[in-house]
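The following exercises concern a predicted model.

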Amino acid sequence: MTENAILYDSSKCSACKGCQVQCKQWNNLPSSLGKDTNEFTGSYQSMADLNGDTRLLIGFDEKAADGGIEWAFGRRSCFHCTDPTCVSVCPSGALSKLDDGTVRLDSSKCIGCKYCTAVCPFEVPKYRASSGVSNKCTLCDDRTTAGREPACVQTCPAAALSYGPREDVIAAGKVRVEELKTAGFDKAELYGETEMGGMHVLAVAKFGLEAHGYKRNPKAPTAAMIFDLMRPLTALGVAGIAAVLSVSFLASRGYERPDAAVDATKEEN
Amino acid sequence: MGVTRRDFLRLSGAAFMTTAIYELTAQSSALAVEMDQEWKLVNVDETSTICCYCSGGCGTIVSARDGELVNIEGDVDHPINRGGLCSKGSSQFGVNSVYDDKTGDRIINPNRLQKPKVRRAGATDWEEISWEQAIDEIAARIKKTRDENYEAELDGVTVNRCEAIASFGAAALDNEEAYIVQKLGRGLGLTYIEHQARI
Amino acid sequence: MSGLGTTFGRGAMTNHFADFKNADVVMAIGSNNAENHPVSMAWVQEARAKGGKYIVVDPRFTRSAALADIYAPLRSGTDIAFYGGLMKYIMDNDLWQKEYVTNYTNASFLVSPEYAFDDATGLFSSWDDAAGAYDTKATWKYQVAEEKPWDTAGAFAWAVADGVPEFTPPVDKVALKDLTMQDPNCVWQLMRKHYERYTPEVVSKITGCPKEKLIEVWATFASTGAAEKSGTILYAMGQTQHTYGSQNVRAMAVLQLLLGNVGIAGGGINALRGEANVQGSTDMAVLSHILPGYFAVPSAVKHPTLRSWLEAETLPGGYWTNKPKFLISMLKEFYGPYATLENDFAYDMLPKLNAINHTHIGVFESVGAGTVKGMMCWGQNPAVGGPNSGFEREMLAKLDWLLAVDLWETETASFWKAPGVDSASIQTEVFMLPAVCHFEKQGSISNSGRWIQWRYKAVDGPGESRDDFEILHELFLKLKEKYEVEGGANPEQITQLYWPYETDGHADITKVAQGINGYTVADGNLVKNFTLLKADGSTASGCWIYSGYFNNNDAPNDPTQQPTGARGKEDPGNLGLYPNWSFSWPVNRRIVYNRASADLNGKPWSAEKMLVEWTGTEWVTNDVPDFGYKVVAEDGTVTYTPPNNKAFIMLPELGGRLWGAGGMKDGPFPEHYEPFESPATNLLNGRQSNPALTFGSAESVKPGDPEKYPIVCTTYRVTEHWQTGGMTRNVPWLAEAMPAMFVEMSEELAEEKGIANKDMVRVFNERGSLEMYAIVTPRFKPFDIDGKIVHQVGMPWHWGYGSGHATGAIANDLTPNVGDANTSIPEYKAYLVNVEKV
Amino acid sequence: MTRYIQRHSRLKRWVHGINTVSCFALILTGLVLFIPGVPQAFGEASVAFSRLGHRVFGVAFVVIPLVALVVAPKGFVHILQNLFAKWDADDRKFMALFPKYLFAPQTTHMPPQRAVKSGQRLSDGALIAAGILIGISGVVLWAGAYVSPAVLGIALAVHDVCFGIIAAIMVVHVYLGAGVWQPYRGLVRLMFGNGRVTEAEARYHWGHWAEEELARGTNVITEYAE
């Protein structure tokens, strides 16, 4: 099966947050029903980070530069890595990799252990307190299976998001980066082609990765190694000790504690 | 790139039925997969509407099951927005229903007004009234104010106007309703008929 | 929209959304289209993908600016200086589209030598100081070549036909022309002279935009003066919400005529309306000065009788010669069988205006004066949305009763609950009725691009909520009953109102649609379009321009079978016209004035953007022609009309108006004035602010002293919210997306005032004082105005105290309730405040 | 006549008992994490049950020792004193001989011990330390929606490592403490019986302690045969 990917073109994004809201709409995700309970971030960004009820967040970063203002928009969500750390540590099979590259989250299988939350280099999966499971972008595998575009892609009014075979997405992304460089955006680069084994959400970063909130050279955290190690290590340790003790048990067959010795000792006194 | 857009909307009445099977037959065969009963839009009625926010006129598909709202997304066949909707457009669902942030259940937006109310002179709160009483009382007040302040003639010119009542709205209404707002207003002799285009 | 009406003949957006892709240059000025009309960006991006340029001119660096090829900052309220400079640049550098301007505009028309503009006083001729207004008929006129009466034996036989009320047809005063355009009194020479003062240096001093940036923008946009190029302008409330807002719009319109950008694919002036159906409700004339289809509400002085109305309002030339047909058809829809030739088709039943200003601002002045005692709000929330809204809320408390019909408990409905208000002292009785939202009912809606699209009902409204039409219907029936039973003031006005809007005893909105579309009275058959409407009472049509949107007699109650419900996706010419998708008024034209898309011989300026083309024997078309292109004889024989220069059929001149007498109350040429409240002095003429602005002396306005309030403030909207916030602050997703009220300011101003990002600050002037968060941002920059540093801040106006998940200060408590000279639209976009840290 | 020494109080036995139950329950309910086959075999309900159970027993596991600490702070001090008692020559000799003892108890004579054997001091210490850490990290994990992924990572790592330690020691602890191993037969009574040891057992296992207790006599109970 061909691998598919999303291309996010930050140079076409008008940061309308249509994707952010449509993601919630399609996936039945709530926002607070309280009055004035949402935090003000001091910018146009809705909230500081993704949360259990938010799988996609448009980021805003601005600074004055020589050529004018660099107002960098970023799309923060799961990148659907080829080498997904979250899948490797997920004990329940809730996280899995589909043939088309999607890192699927089946929340019905999620046991809420939060390993994925802890190991994702992008800190994407978030624990959803109300239902006790992890929450992250599924690349709308339900929709793509049914022949529709992911909800965020379809809803993008400015066509900054597109979805299709990963090779096409990479090619389109590279062309776009070159166009931007020609137009004077020297720092433009493509994110996701090789990171984490190659990601299935790629981004054209108009002002360079950092400005748009993309982590350069992401790596799985060491914690992930500990998790990978501890399961076999514990099993081996327990089995090893049990084996040793079995030998001890067998060797000690027929042993009777010499309780009489008590009296003997006494008599010695 | 990617998936071919489908003609998933066949209007053959104000509302029409799409089943999972219909959706599948409308797609290219390469995508024909067994439809999961978990599919969000299984057995929904789809109707088309136009977004209520800006004046772009974006096509929107509303899916409902058993009279209850299921999904609202852009109309991929619509030539203006081609399936797209911005944050406001994507939130049209929320005008009717929201998801409870504790239980996750879909509920009617708790802020929606559901009953006629009146606030009496000097009162500090609303009281609920029936529609019948509301319409009757409002009509009585319109009539009283109109009758007491009506000018039929001035300086030999028939003016037939009531300057004592103002009508505001409505750019939020449909054309036919807007037409009726001004027709009823002018039928009462009103001259202060205004709406959002003026501000 | 009088700026567009005066220049082109119609007040609406000339092109439409999908058409933006055809532009070579898109200029957004006074419109933050990426944020407020996000769908427009798809089409702007398509234009850019083909090499097009996107220019954003705005006082602040918006999300639109972030995507622009060129961004130019401009102090709020200095647009006319900018356009004037651009027009001078075009004329000086010979960049105008000569064949277009010469033939399709009034450039060659000779103006009366009495007309003048005096830059020392800043006044045009015919200023009446006592009246505080211009006499627009005295000197603002053409030199007359000949007087042509109507041919009532030929083309105008209908005007004297049986059953048509008697009136004296107007005489067409054909203007004198100089096609060489050398006569000092010709429009072209007057225009050159008028804008001589608008040098780049002066414009830069006024606007605060660096000269090089101005030239860059001007050169880019002026490049569309090449015949095959098209440039479009997107504008919105950033242009209209000024005391000279109509002139802002007119300046753009004139500019587009100069460049030959009107009537072509990828061109035009695109008014991006603020609300989903502000276009439709304007077409439906929910306004004090017009009747449905854009004609004058009778005034007691000017139109005491039907005859006087017909004589005063029927234009001598152009398509508006048909106005009597449309008014009488409208009266037949209003009063049905009661409207007869004998009673002037119930003309007297229409209320007549006196001299008082009946616009939004005026309503609240009249509440203050004790005239207005009751108020109905159908989905409108003036307690947040009106200018000087604190004053408007005070006025609400003076009403006897208030009816608020909405989905939510708006600030208007609950004005008596506002913070700091003593509810017990307010005697206003308030009725609040629960309405339903757009997909809980059915009806049509008109987008900015004039597409009339049907919306179907998907689910029932919650609880006991009812749709507005049903409420209006019930109210009408109750009023009718009361007047029939009890009598009262002129009961016939209401009891005779024709109300055939029921099917099987239930309110049926498709019946209203039929009435608007129009039908022949004798058999009730829907008329195909407005060309079939008659002035003898044999046809009825509520709003002539919509005629054709609901005309299928085969299924008169089924919107899916009507043009408004059409869903065909064909796109002839690949220009995004989509003629079979819904219905676009008038008569399904997608780009109006499309005659101007081809040269004098009918050859398109650009072959790729062909809308209409004369082959030598006939017209081939991609769009419905907006000109007299064929004559169909009684027997059905079609005779094509060879090309002529009549490109603007709605104007008696039949050409676009560079010099615009007839319509504008504040001058035939747009002239720069400072906003009502401004920290700068007018550098272009001796008059500080628009002499004809409205409500400037109202006591409620409380103008601010620039010494005390030196900071320019503007209001705007953000993508995540809408208008007064009822429809968005009540939706949790959107309340979360943009949770709090804020004021944006430059780092320089913040430093001066000791303010840090996210601090709570107070923004205040004489009208009010508000607390909100500060966003300190490099996207705001101080302006260098004639050597003086002028700071500008800005606030969104979506917040209030009403129901919803996000509440906050009401920005409009600070905006001035002064109005544009022509439309009385308030000056929300430029006024003065001061800021301090809380 | 048989003489007994009351080695463990009722409170101590109850606390140990509840902790034993919680601990096994926590292991069982935590299995869904360690053995993917478990949730797959038993389905979603097993996950829900496990998640609930893990929290209920987690609370018991953390709260009961804390309650005991409040009720009997002296006992806690006593445990600590025993744990950190000085290592003497007998202790060193015990540790040196223990591997041989484990496989050849018949031929190994162990030196006398104080209240807590030197080997058990090590294993108890590790158990208690791991128990405290797994408890704390468990609380952090419970608050997962409110802590940063980095903190969550640390907590998870701690939880995992401590589990490994506990699981390993548990096997030894049960083998010896429950008297699975022949020389320790009967000791299960200490925690799951009346908490007494016979004089003979005491002398065998904890020679020094037995002498002290018998000399002091306060914890000595004498039962006379009928």
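**Exercise 1. Chain B and one of its residues**

Task: State how many helices and strands chain B has, and determine whether Ile72(B) is buried or exposed.

Solution: 
- Step 1. Chain B comprises 5 helices and 11 strands.
- Step 2. Of its 199 residues, 54% count as buried. Among the contacts in chain B with a separation of 6 or more, 36% are between residues 24 or more positions apart.
- Step 3. Ile72(B) belongs to strand β4 (residues 68-74) of chain B.
- Step 4. The cut-off for a buried residue is 20 or more other C-beta atoms within 10 Å. Ile72(B) has 27 other C-beta atoms within 10 Å and is therefore buried.
- Step 5. Neighbours within four places in sequence are left aside; Ile72(B) is then in contact with Gln25(A), Thr60(B), Val62(B), Gln92(B) and Phe93(B).
- Step 6. Asp174(B) is 102 residues from Ile72(B) in sequence, and the two C-alpha atoms are 20 Å apart in space.

**Exercise 2. The contact of chains B and C**

Task: Identify which helix supplies the largest share of the side of chain B that touches chain C, and describe how α5(B) is oriented to α19(C).

Solution: 
- Step 1. Chain B contributes 107 residues to the contact and chain C contributes 140 residues.
- Step 2. On the side of chain B that touches chain C, helix α4 (residues 131-149) of chain B provides the largest share, 13 residues. This side divides into 53 nonpolar, 32 polar and 22 charged residues.
- Step 3. Helix α5 (residues 175-187) of chain B and helix α19 (residues 509-517) of chain C have axes that come within 9 Å and cross at roughly 75 degrees.
- Step 4. Angles of 65 to 115 degrees count as roughly perpendicular, and α5(B) is therefore roughly perpendicular to α19(C).
- Step 5. From α5(B), the contact involves Glu176(B), Tyr179(B) and Ile180(B); from α19(C), it involves Ile509(C), Val512(C), Ala513(C) and Ile516(C). These residues divide into 6 nonpolar, no polar and 1 charged.
- Step 6. Strand β7 (residues 117-119) of chain B and strand β16 (residues 429-434) of chain C run antiparallel and are joined by 3 bridges. In this pairing, Lys117(B) has Met432(C) as its bridge partner in β16(C).

**Exercise 3. The contact of chains A and C**

Task: Determine which element supplies the largest share of the side of chain A that touches chain C.

Solution: 
- Step 1. The contact takes 31 residues from chain A and 31 residues from chain C.
- Step 2. On the side of chain A, α1 (18-26), β2 (57-65) and β3 (68-76) each supply at least two residues.
- Step 3. The largest share, 4 residues, comes from α1(A).
- Step 4. By residue class, the side of chain A that touches chain C divides into 12 nonpolar, 11 polar and 8 charged.

**Exercise 4. A helix of chain C**

Task: Explain why the buried residues of α12(C) lie on the same side of the helix.

Solution: 
- Step 1. In helix α12 (residues 306-313) of chain C, the residues Leu306(C), Trp309(C) and Leu310(C) are buried.
- Step 2. They lie on the same side of α12(C) because they cover an arc of only 95 degrees around the axis.
- Step 3. The cover over the buried residues of α12(C) includes α13 (323-335) of chain C.

**Exercise 5. Strand pairing in chain D**

Task: Find in which sense β1(D) pairs with β2 of chain D, and name the bridge partner of Ile5(D) in β3(D).

Solution: 
- Step 1. β1(D) pairs with strand β2 (residues 196-198) of chain D in the antiparallel sense, over 3 bridges. Tyr4(D) has Thr198(D) as its bridge partner in β2(D).
- Step 2. Strand β1 (residues 2-6) of chain D also runs antiparallel to strand β3 (residues 220-223) of chain D, and 4 bridges join them. The bridge partner of Ile5(D) in β3(D) is Val220(D).

How values were computed:
Residues are numbered from 1 along each chain as its sequence is written. Chains are lettered from A and ligands numbered from 1 in the order in which they are written. This is a predicted model: local features need pLDDT of at least 70, side-chain atom pairs count only at pLDDT 80 or more; totals for chains, interfaces and linings use all residues. A residue is buried if 20 or more other C-beta atoms lie within 10 Å of its own, exposed if 12 or fewer, and partly exposed in between; C-beta atoms are placed from the backbone. The arc is that of the directions from the helix axis to the C-beta atoms. Two residues are in contact if their C-beta atoms, placed from the backbone, lie within 7 Å. Axes are lines fitted to C-alpha atoms, for helices over the stretch in contact, and angles run from 0 to 180 degrees between N-to-C directions. Angles under 35 degrees count as roughly parallel, over 145 as roughly antiparallel, 65 to 115 as roughly perpendicular and the rest as oblique. Ala, Val, Leu, Ile, Met, Phe, Trp, Tyr, Cys and Pro count as nonpolar, Asp, Glu, Lys and Arg as charged, and the others, Gly among them, as polar. Two strands pair if DSSP finds at least two bridges between them.
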